[in-house]
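Visitor: I am new to this structure. Please pick a single part, take a close look at it, and then connect it with the rest.

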Amino acid sequence: MVASLVSIILGPDSIGWGRRVALLCLTLFIAGCSSKQVIVEGNFPEPLLDPLPITLGVIYPPAFAQHEFFDEAKGRAESDWLVKTGEAQVAFWDILLGGLFQEVVHIDSWETVQSEGGRIDGVLIPSIAELQYTVPTHTNVKIYEIWMRYEFRLADIAAIHQQDDGALSFKPDDRLAQWPITAYGKTPTAFLQSDEEAVNLAAVVALRDAGAHFITTFGRTPGVAAWLDGLSPRQASGETVSNEPASAIPSPTAGATAGTGADETLEQDTPQDSAAASAATDSASMPAPNSADAPTPNDPADAGNAVVEQAVSAVALDSATAASETAGSRELGGTR
Amino acid sequence: MNLPRLNRADRLGFASHWLALILAALVLGGCVNATVDEMTYNEPIAGIGESSVVILGRRHAPDYDTEFDFIECIGDHIHSGDPSIEVLNELAFINELYPWFEPRTAPMQPRAIDQLLQLPPVAQRFIEMKLEYMIWIDGNTVDTESTGSMSCGIGPGFAGCFGFGTWGTESEYEATIWDFTDKVEVGRVSAATSGQSYMPAVIVPIPIIAPVQGTACDSLGDQLLEYLSAHH
């Protein structure tokens, strides 16, 4: 629409200067109120690590792989925001997990579970439980911020099942561990490009922070530590981990949240109450290696005008359904 | 918008008034106060040879980040002052050592480097880099109070601004030098600069910007160059 108005402004000579200026003002006015869209993209580095001798399966549920959040403008001075992080999430975690583990197997179908399951030591299922953002027009602080809370679930490959509709699911009781990871990214306006570039940069910084947090806390998470301990003796004795039955892996410890007993569809996001309960655990495990001096990222969780994004819809694995559900969750928008 | 008609004398008086204002601003503008403090020891008398230096910005504070371009400015200043000093690019360094120099994980004390060196790939990368000094810069540049007003208008065949604005800018940076071989801090250099910028406007706004951040860069760069280089 803006482009068409500009073309009108630059159109026939019969249009007078006054009208042109009026149209230009109208164009600028409309452009100021229009929605802003960011498809997060960035170049992500490989982690500098000796990879763990583990073959990890990873399932990116559609709600994660196509993650986006939408915030509707609350006034004329604000803009609608649509930020799509899904592609960047998958790209980033692929690189990070590829550097952290000896081998990563993407599990996107039941066929993969059957064909590759024998050599997979564990299955990681990430989800984004919460995302908040602020821009200077919200806070009058000259910083763009993005804060995310992930929920990671680790399960044995034997716990993965296929539902009647073809979607993958797993029994919560068979979960080896579940833990939250928070991430924070900010861009000061001193680095200001456009609003969109600043939000993109804040998202990239948040992703990098998520990776740093994941790597520095992975082995210290109780359920994960128990899982790693269970893998080590078998690897040291030369046994082939992939041939071990799933039951050989230790049962969930305190780090694993008790399930409901029913199968859990992988596409479902973590319920709010369990997420809140796990937040305390997360804050206790936050410190980085330099724990005494670790930075305390500005936690915008308390900001009254922050946006809380939560995808609440259960989404089936097939892409067609997933796309429609994403659109549905977009309509839900956020609350500020 | 119609401007009032002025006679020749009025126009001359008006022009001279603004000319005087602009000249005053030019004289006052660009004036930057700089205070530099230095405390260094174990200076490498013979220079750092073939070793390299990395300059990194602190970005863990909740309300500011040390600017990437400021870090680049200091690196360029040192390298141009003594081309034999190899200054590693900050972004490339952070990416190569990901995730160990992110705001969450970056070492805050020299002794934390030992923990990093326990990771074989990190230790190997440092050896390849021949890193001798790690310099952390913490601080930022902010605009302070601003006064004045300016009006701009546009009409058929005419557009322009009229008014006067002024604002202050302050920079405060501290560089902490770590000797990477001995894992100790060997010096701190700080620079605090401030200046006033002006923008008179008679039809066309003329910004007269005080180079506050540039002066801070030159001040810190000079001190660091003096420390690192055998020729200064």
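Guide: Two strands are said to pair if DSSP finds at least two bridges between them. Strands (E, at least two residues) and helices (H or I, at least four residues) are DSSP runs, numbered from the N terminus. This is a predicted model, in which local features need pLDDT of at least 70 and side-chain atom pairs count only at pLDDT 80 or more, while totals for chains, interfaces and linings use all residues. Residues are numbered from 1 along each chain as its sequence is written, and chains are lettered from A and ligands numbered from 1 in the order in which they are written.

The part to look at is a sheet in chain B. Strand 2 of chain B, residues 52-57, pairs with strand 3 of chain B in the parallel sense, over three bridges. Within this pair, V53(B) is opposite V87(B), which belongs to strand 3 of chain B. Both strands are part of an open sheet of six strands with mixed pairing, in the order 1-6-5-4-2-3. Strand 1 (32-40) and strand 3 (86-88) of chain B are its edge strands, and each of them pairs on one side only. Neighbouring strands of the sheet are turned against each other by 20 degrees on average, direction ignored. Such angles are taken between axes, which are lines fitted to C-alpha atoms (for helices over the stretch in contact), and they run from 0 to 180 degrees between N-to-C directions.

A helix accompanies this part of the sheet. Helix 2 of chain B, residues 68-81, lies across strand 2, strand 3 and strand 4 (131-155) of chain B. Its direction is at about 155 degrees to strand 2 of chain B. Contact here is defined as C-beta atoms, placed from the backbone, within 7 Å of each other.

Around the sheet is the rest of chain B, with six helices and six strands. Along the sequence they follow the pattern α-β-β-α-β-α-α-α-β-β-β-α. Of the contacts in chain B between residues at least 6 apart in sequence, 73% join residues at least 24 apart. Buried residues account for 33% of its 232 residues. A residue counts as buried if 20 or more other C-beta atoms lie within 10 Å of its own, as exposed if 12 or fewer do, and as partly exposed in between, with C-beta atoms placed from the backbone. Helix 5 of chain B (residues 120-129) has zero of its ten residues buried, so it lies largely in the open. K130(B) follows this helix and has a positive phi, near 55 degrees.

Chain A can be set beside this. It has an open sheet of three strands, again with mixed pairing, in the order 1-4-3. Strand 1 (36-39) and strand 3 (68-71) of chain A are at its edges with a single partner strand each, so one side of each has no neighbour in the sheet. The twist from one strand to the next averages 5 degrees. Strand 3 of chain A runs antiparallel to strand 4 (residues 81-84) of chain A, and four bridges join them; one bridge pairs F70(A) with L82(A). Helix 7 of chain A lies across strand 1 and strand 4 of chain A, at about 35 degrees to strand 1.

Elsewhere in chain A, strand 7 (residues 143-155) pairs antiparallel with strand 10 over 13 bridges. Strand 10 of chain A (residues 175-188) has 14 of its 14 residues buried, so it is largely enclosed by the rest of the structure. Strand 7 of chain A is mostly covered too, with twelve of its 13 residues buried.

Last come the cores. A nonpolar core is a set of buried Ala, Val, Leu, Ile, Met, Phe, Trp, Tyr and Cys residues joined through C-beta atoms within 7 Å. The largest has 68 residues, and V123(A), M148(A) and A206(A) are among those with the most contacts inside it. Helix 7 of chain A gives the most to this core, with 13 residues. A second, separate core of 40 residues includes V32(B), A106(B), W136(B) and L224(B).

Note on methods. Two residues are in contact if their C-beta atoms, placed from the backbone, lie within 7 Å.
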